[in-house]
Amino acid sequence: MMINQLAFGPWLDYTVNGLIIGNIYALLAVGLALIFGVANLINFAHGSVYTVGAYLGWASITYLHTPLPVTLVIVITGSALLGVAIERVGLRALHGSSRIAPLLATIGISLVLDQLVQLFCSPDPRALASQLPDLRIQIGRGTIGTLDLLIAGVGLVSATGLYGFLRYTKLGWAVRATAQDQDAARQMGVDTDRVNVTVFAIASALGGVSGLLVGMYYNSIDPNMSFDATLKGVVAMMIGGLGNVPGALGGGLLLGLTESYGIALFGSSYRNLFAFALLILILVAAPNGLFGRRRDLPPEPMTGTFIARSRPLRLPRALVAGVVLAAALLPLLPAPYLLQTLTTALLSALLALSLTLVAGTVGQISLGHAALLAIGGYASGLLALDCGLPFVWSVPLAGVITALLGTLLVFPALRMQGHYVSIATLGIGEIVTLVILNWTGLTQGAMGLTGIPAPAIGGIELTSVRSVYWLVLVLVVAIALLQTRLLSGHLGRTWRAIREDEVAARSYGVAANRYKALAFGFGAFGAGVGGAITAHLYSYIDYRTFDTTLSILALTMVILGGLGNVAGAVLGSVLLVSLPELFRAAAEYRMLAYGLVLLVLIRYRPQGLLGTV
Amino acid sequence: MDHQAPEAPLLQLDRLNSYYGPVQVHFDLSLSVPAGQIVCLLGGNASGKSTTMKAILGLTRPHSGTVRFAGQPITGLPTPEIVRRGISSVPEARRLFPAMTVQENLLMGAYIRSDARAIGQDLDRVLERFPRLRERLRQRAGTLSGGEQQMVAMARALMGRPRLICMDEPTMGLSPLFVERVLDLIQEINRDGVSVFMVEQNASLALRIAHFAYVLQSGLIVLSGPPGRMLSDARIRDAYLGGEPGL
Ligand SMILES: Nc1ncnc2c1ncn2[C@@H]1O[C@H](COP(=O)(O)OP(=O)(O)OP(=O)(O)O)[C@@H](O)[C@H]1O
Ligand SMILES: [Mg+2]
């Protein structure tokens, strides 16, 4: 009895907290579900709208000294307009292209928006006071504050407003009809472009407001909060079922409560781990969501998500040999800075080669690929530090470990298709990062691994820029050649067959999952080796060294070169890594540049530089 | 109201060439639907029938050729605009809004209209014609039987007060009883002054109600004429109308 009474107060607080945060997630998820409904698109720019909303509120309070109601109106209007702009400028032109294209475009848009916020408002966190009297109502041993009530109120008003809109207005009917069958809606005379814009405006307004409310709740905002918001919104939406608006509401609240109780039981650094574990669980066990009645839609409507049919441009052998020779002779020039840059580029080429195999040849667009680098880096670093293994052993062993562990981790995603693969790999990547952060006993947690020995072969340390460059170059060329060989053989044909039509490939007796796993394993080995060498070069890595931004960057490289294209992956890495490096002044605009490159490519050259249609 | 000559067809397709990517589906396709008539387009699988519907409704855009409706070119107009000019459709496989109720589906048919009172009256009138739907008004359309769905699709098309209804295989997958009912309904609708352009695989059914028919084969009109002539020509019957497809 005693214990119960003691614990009751905090538990009430945890419940209230879970519901409040859940409310925020619900606001995000409802917007994502609305957009998914009409546009068949997971909007990765949603979190950026949320951030922009928070900063709009901050700016109007700080500079215009607006009272709360006016702040809310400004944030709602501004975010809605931003949503309209995203749809009109970024996405409308992509109508009719494959469905992964707009998804990637929203990633590009989010990179651009985040960077713009950083440029205009500085990357540092800002305080965002709540503007509300700090009253707390005592309930039993727990308390509820005014801000809690405001958030609950906004959630309630939005939910009823949305319900009324969808059920009782003509445009609301059009939104529902479009979500169920876009072509049929057009044949009823519905202007689906207008529906799209409306939905983006509504969803973005909700997203912007939730950014503002979260900022006030924690009294802090910063430009990096976008990604987390997108992920949480996506998780909440998936719990409710893709595109299921009431489901998204429930999913948000459920996610908020799960996190809050999880924190109560295990501590706050596990918070995101719960969210992503829940995501993978849902994807595997209930891809239609927890509240989805048996839908009339197929469970995985996202097949055939290729950006563009592209055949690789045939490069003359002599040209390739010439370029490799030139690259090998480059260290003879006295240009250490160039060499260093190229080494970095070639290391990322290992990641790009891996991704182009998985995403391009087999058609599994992975958004968490950098996690493979992390596994490789940590494996080799730990083997060297804890077991004293020399570089020549720890690196290949790290590659093998990455291949095994990576394939094992991605296993649940292998039977998925299209968007589901992307979301699952994103989640798995995040889980890897979080495990590294929390498994302090093995990984030193947030401290990172320090003192990883420099690369050495046969007792001789490779200290010169030149020798490291050569080492990485040899590796890249070897893996690229091997990959080319594999692709031109039976294995390559099978992989492509799976990409083109998994159902048909299966019916010919191809064990698609096994072949996908094989591609993943091979790719993971290369990426793991890349991560391992990086770790030895840096001598220090932590859980943020290989983050999702890197995964996105790798995807951009691969698309730039031409999805599935081996030479293209190397070219894409070299261009994207070294160009910004060589124009040093542009360093802070780098993410902006990557975002724009991604957008321009998807719009104008989806087959990449080395692809032909 | 109409300033055109009485013989001018309501709908006219003039030398359409349509493609999906590099694959050509229509080759100089021309046909017309005179006002007040039922015109059928017959053809086997993959002959390009549904694509003809899509071209009329603006869902695909032909590379060359024109579609005229009531004397005006409508090629390349957005679908909603074409619908607003008076063309309704009963798409292939019905395409109802599965999570909406029957009533909501019917009202979606009147989306282009804003005369609330007249819409209410039309709803009553449509329900008189399709009495079976009245008891199902609050049921989700996705849970209806195939025949009922066909009724909803036709009723929904009528709710827009169209001058022309385009139907894609309206009898597909229905039991013989429902097939009869659908054919009767099409004739009733037509008697009320709505022209009908109907795409069918089942030639002998379609020819029973059509005023005029075209036969499409691999994107080419290979034959056209009033149904009587088609049915009486044994050679034609064997080549194009015989061996009726099972579905
Ligand atoms: N969206 C599309 N993309 C590519 N090709 C298509 C598409 N839709 C139809 N086709 C092709 O165009 C041709 C004509 O198709 P269409 O649907 O018009 O045939 P149909 O006469 O309606 O056939 P059915 O009787 O089976 O409905 C077919 O070969 C089909 O494969
Ligand atoms: Mg058809």
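Ligand 1 is surrounded by 13 residues (a residue counts as near when one of its heavy atoms lies within 4 Å), and the closest are Asn45(B), Lys49(B), Ser50(B), Thr51(B) and Glu92(B). The structure is a predicted model, in which local features need pLDDT of at least 70 and side-chain atom pairs count only at pLDDT 80 or more, while totals for chains, interfaces and linings use all residues. Residues are numbered from 1 along each chain as its sequence is written, chains are lettered from A and ligands numbered from 1 in the order in which they are written, and side-chain values use heavy atoms, with hydrogens and water left out.

Oxygen atoms of ligand 1 lie 2.8 Å from a polar side-chain atom of Asn45(B), 2.9 Å from one of Gln201(B) and 3.2 Å from a side-chain N or O atom of Glu169(B). Of the 630 Å² of accessible area that ligand 1 has on its own, the protein covers 59% (Shrake-Rupley method, 1.4 Å probe). Helix 1 of chain B, residues 49–57, gives the most to this shell, with three residues (helices are DSSP runs of H or I with at least four residues, strands runs of E with at least two, numbered from the N terminus).

Turning to Arg85(B), this residue sits in the loop between helix 2 (79–84) and strand 8 (87–90) of chain B. Its relative accessible area is 32%, so Arg85(B) is partly exposed (buried is under 20%, exposed over 50%, partly exposed in between, with a 1.4 Å probe and protein chains only). The side chains of Arg85(B) and Glu81(B) are joined by a polar contact of 3.1 Å (a pair of N or O atoms within 3.5 Å; within protein, one must be able to donate a hydrogen and the other to accept it, and residues adjacent in sequence count only if both atoms are side-chain atoms).
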